[in-house]
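Please look over the sequence and the model below.

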Amino acid sequence: LWAVWWFGTRVTTRREALLAAALLSVSSHHVWFSQDARGYSMLLFWTLIGSGLFLRLLEGPERPRKLVVGYAAVMALATWTQVAGGFVVAAHALVWLILAVAGRRRAVAPTRGPVAATLLAGAVTLLLYAPVLPAMMHTLAAPGATGGAAEWKSPLWFVAEAASGLARGVPGGWVALLAGATVALVGVLSYARRSLAVALLLLVPGLVTAAVMLVTAHNLWPRLFFFAAGFAVLIAVRGGVAL
């Protein structure tokens with residue numbers, strides 16, 4: 001909750017950051033994962049802190065060394081907590097690339113701090129995983145489950161089931177879900193108008209995770225996207241305030 005507020009104060013107003021933290025505090029998914037003995041809540045925490053540090057690096061500080069080391073440590077711990085943290089680092093690298101291309105078009109030199117930070121994060125992650133890397137690669141290369149699990153690899157089925165589950169879990173059902181989607185769209189557009197970098201940081205990590213899951217034919221488990229819960233509530237609050 002503190003991490004949502006901390007990151008939120010860097011991308012929007014303190015009021016919206018506080019509202020986002022309050023919304024997450026009563027989210028049944030957040031409460032459930034906070035009681036679960038797995039690393040998804042910790043991954044959410046590291047993702048928010050790492051994203052805030054990366055945003056600071058994108059701003060081009062004069063002496064970025066401490067930020068580079070801090071980001072590398074935070075995101076290495078994120079990936080050590082859950083392998084999906086590596087998708088967030090890859091997403092951050094992609095965000096920098098997009099901004100660098102846009103910057104060249106506008107004759108703006110891109111800062112090199114984010115590149116050093118992502119490379120260092122990858123190096124530290126490899127060191128942390130070094131003792132189990134051979135066994136890990138063997139496990140990842142093993143054939144996946146078959147049968148009923150194949151449904152979880154269909155993006156259309158995943159979207160339909162996720163929407164159906166959300167519609168059953170909120171008052172108003174599908175009407176409330178469509179209204180929520182509208183609010184989210186307004187929130188994304190509002191962030192994009194304020195800052196392309198912030199909008200990309202909120203959206204790209206989830207898109208990269210989905211792309212990797214689809215390319216590798218991995219099951220589209222919703223819990224793999226839980227790290228973006230903080231981004232989701234910030235987008236929802238921004239959309240609500242904008243409307």
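## Basis of the model

This is a predicted model, in which local features need pLDDT of at least 70, side-chain atom pairs count only at pLDDT 80 or more, and totals for chains, interfaces and linings use all residues. Residues are numbered from 1 along each chain as its sequence is written, and side-chain values use heavy atoms, with hydrogens and water left out.

## Overall fold

The protein chain has 12 helices and zero strands. Both kinds of element are DSSP runs, numbered from the N terminus: helices are H or I with at least four residues, strands are E with at least two. Along the sequence the pattern reads α-α-α-α-α-α-α-α-α-α-α-α.

The protein chain has 243 residues, and 41% of them count as buried. Buried means under 20% relative accessible area, exposed means over 50%, and partly exposed lies in between (1.4 Å probe, protein chains only). Contact means heavy atoms within 4.5 Å. Among contacts with a separation of 6 or more, 73% join residues 24 or more positions apart.

Two packed helices are described by the angle between their axes and the distance between the axes. Axes are lines fitted to C-alpha atoms, for helices over the stretch in contact, and angles run from 0 to 180 degrees between N-to-C directions.

Helix 1 (residues 2-11) and helix 4 have axes that come within 9 Å and cross at roughly 20 degrees. That makes helix 1 roughly parallel to helix 4. The classes are set by angle: under 35 degrees is roughly parallel, over 145 roughly antiparallel, 65 to 115 roughly perpendicular, and the rest oblique. The crossing is left-handed. Left-handed means that the near helix is turned anticlockwise from the far one by less than a right angle; right-handed means clockwise. On the helix 1 side, the contact residues are Trp2, Ala3, Val4, Trp6, Phe7, Arg10 and Val11. They meet Phe45, Leu48, Ile49, Ser51, Gly52, Leu53 and Leu55 of helix 4. By class, this contact has 11 nonpolar, two polar and one charged residues. Ala, Val, Leu, Ile, Met, Phe, Trp, Tyr, Cys and Pro count as nonpolar, Asp, Glu, Lys and Arg as charged, and the others, Gly among them, as polar.

Helix 2 (residues 14-25) and helix 12 (residues 229-242) have axes that come within 9 Å and cross at roughly 125 degrees. That makes helix 2 oblique to helix 12. The crossing is right-handed. Arg15, Glu16, Ala17, Leu19, Ala20, Leu23 and Leu24 of helix 2 meet Ala229, Val233, Leu234, Val237, Arg238 and Val241 of helix 12. These residues divide into 10 nonpolar, no polar and three charged.

The axes of helix 10 and helix 11 (residues 196-215) come within 5 Å and cross at roughly 140 degrees. Helix 10 is therefore oblique to helix 11. Val188, Tyr191 and Ala192 of helix 10 touch Leu196, Val198, Ala199, Leu202 and Leu203 of helix 11. Here the classes are eight nonpolar, no polar and no charged residues.

## The largest nonpolar core

A nonpolar core is a set of buried Ala, Val, Leu, Ile, Met, Phe, Trp, Tyr and Cys residues joined through side-chain atoms within 4.5 Å. The largest one holds 60 residues, of which Phe7, Tyr71, Met75 and Tyr191 touch the most other members. Helix 4 (residues 40-58) gives the most to this core, with 11 residues.

What does phenylalanine 7 contact, leaving aside neighbours within four places in sequence? Its partners are Leu48, Ser51, Gly52, Leu202, Phe231 and Leu234.

Leucine 53 lies in helix 4. It counts as buried, at 16% relative accessibility. Beyond four places in sequence, leucine 53 is in contact with Trp6, Leu67, Gly70, Tyr71 and Val74. Leucine 53 and alanine 72 are 19 residues apart in sequence and 9.7 Å apart in space, C-alpha to C-alpha.

Leucine 58 is also in helix 4. Its relative accessibility is 18%, so leucine 58 counts as buried. Leaving aside neighbours within four places, leucine 58 touches Val95, Trp96, Leu99, Thr111, Pro114, Ala197 and Leu201. Proline 114 is 56 residues from leucine 58 in sequence and 6.5 Å away, C-alpha to C-alpha. Serine 190 sits in helix 10 (residues 173-194). Serine 190 is buried, with a relative accessible area of 6%. Not counting residues up to four places away, serine 190 touches Arg238 and Ala242.
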